[in-house]
Amino acid sequence: MALPLRDDHGRRAVPWITLGLIAINVLVFLFVQPVGFQSGASDEPTADRRAPSQEALWQVRDRDVFTYRYGAVACEVVTGETLAERPEGCHGEVGDHLPDTKSIALSLLTAMFLHGSIGHLAGNMLFLWVFGARVEQRLGRGNFLGLYVFGGVLATLGYVALNTTSTAPLVGASGAIAVVMGTYLVLFPRGRVLTVIATAAFQVVYVPASVVLALFFVTQFFTSDEQVAWEAHAAGMVVGALAGLVLARIPAIRHRGELEREDALLRSGREF
């Protein structure tokens, strides 16, 4: 296991967009998503075989309706019909609680700001902070926000393309964050990331960003957890890398890169 903590680049400006995206995700999870997400409510019997309480069942109902309304469902995107309309070509289990109304197009956006659990949220926000702050500094705030939002939608569509009949609602910022990671790889191939590595003992060392990100990309194809939308992660990194190649040619962004390299040389004492 490798867990990134921060990169080795100093901040020249406050990454307001990155901080704002983190704040929005946290606030949505705490104050917009139903309490069933925070409590981990379940409609399954407990360990001592007790039936769940009525309150827990209500929490599960509210959570499921919210997830299907604002999460992106692949077969809905493909057919243009909601699961409540029972479209043909959709295969898989469907929850008992479906929303009466839904904007399928809007769900491609809202899904990026929802999370299934506190652990899901915390992991995504850590990766966003580690890789997003530096990418924002290089691209500029407007370009970075556009990359995150539109890239995140494309990452979700990548998942849809490979799971056209799926009825599972997709939620999480990881597709958009994978886009940022792909762009980081292109813009900062020689960057280093302070990383916690779990071997026989925990080690905290600087690892080349190219190694961390390449391993993340490759391991997506070997994910066995059905709850992980690895297709969105892989598609996101490809989208981010391609976007990075294009954006790096914009004169203003190229100029910021030159300034950063000059600053790095001055800090290292190799140029005066």
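Colleague: What conventions apply to the numbering and to the model?

Modeller: Residues are numbered from 1 along each chain as its sequence is written, and side-chain values use heavy atoms, with hydrogens and water left out. Since the model is predicted, local features need pLDDT of at least 70 and side-chain atom pairs count only at pLDDT 80 or more, while totals for chains, interfaces and linings use all residues.

Colleague: What makes β1 and β5 edge strands of the sheet?

Modeller: Helices (H or I, at least four residues) and strands (E, at least two) are DSSP runs, numbered from the N terminus, and two strands pair if DSSP finds at least two bridges between them. The sheet is open, with three strands in the order β1-β4-β5 and antiparallel pairing. β1 (2-7) and β5 (202-208) each have a single partner strand, so one side of each is left without a neighbour in the sheet.

Colleague: How do you know that β4 pairs with β1 and with β5?

Modeller: β1 and β4 are joined in the antiparallel sense over five bridges, and seven bridges join β4 (residues 192-198) to β5, again antiparallel. Val 193 in β4 stands opposite Asp 7, and the bridge partner of Val 193 in β5 is Val 207. Thr 195 has Val 205 as its bridge partner in β5.

Colleague: How do you know which helices lie on these strands?

Modeller: Contact means heavy atoms within 4.5 Å; axes are lines fitted to C-alpha atoms, for helices over the stretch in contact, and angles run from 0 to 180 degrees between N-to-C directions. Helix α6 (residues 118-139) lies across β1 and β4 and runs at about 35 degrees to β1. Helix α9 (residues 209-220) packs on the sheet, touching β4 and β5, and its direction makes about 105 degrees with that of β5.

Colleague: What residues make up the contact of α1 with α7, by class?

Modeller: Trp 16, Ile 17, Thr 18, Leu 21 and Asn 25 in α1 meet Arg 141, Phe 144, Leu 145 and Tyr 148 in α7. Ala, Val, Leu, Ile, Met, Phe, Trp, Tyr, Cys and Pro count as nonpolar, Asp, Glu, Lys and Arg as charged, and the others, Gly among them, as polar. By these classes the contact has six nonpolar, two polar and one charged residues.

Colleague: Why is Asn 124 called buried, Gln 203 partly exposed and Arg 86 exposed?

Modeller: Buried means under 20% relative accessible area, exposed over 50%, and partly exposed in between (1.4 Å probe, protein chains only). Asn 124, at 10%, counts as buried; its place is in helix α6, and beyond residues up to four places away in sequence, Asn 124 touches His 115, Gly 172, Ala 173, Ser 174 and Ile 177. Gln 203, at 42%, counts as partly exposed; this residue lies in strand β5. Arg 86, at 59%, counts as exposed, and is placed in the loop between α4 (74-79) and α5 (104-110). Phi of Arg 86 is near 55 degrees, a positive value in a residue other than glycine.

Colleague: What makes α8 largely enclosed?

Modeller: In α8, 12 of the 14 residues are buried, so this helix is largely enclosed by the rest of the structure. The buried residues include Ser 174, Ile 177, Met 181 and Leu 187. What covers the buried residues of α8 includes β1, α6, α7, β4, α9 and α10 (230-247).
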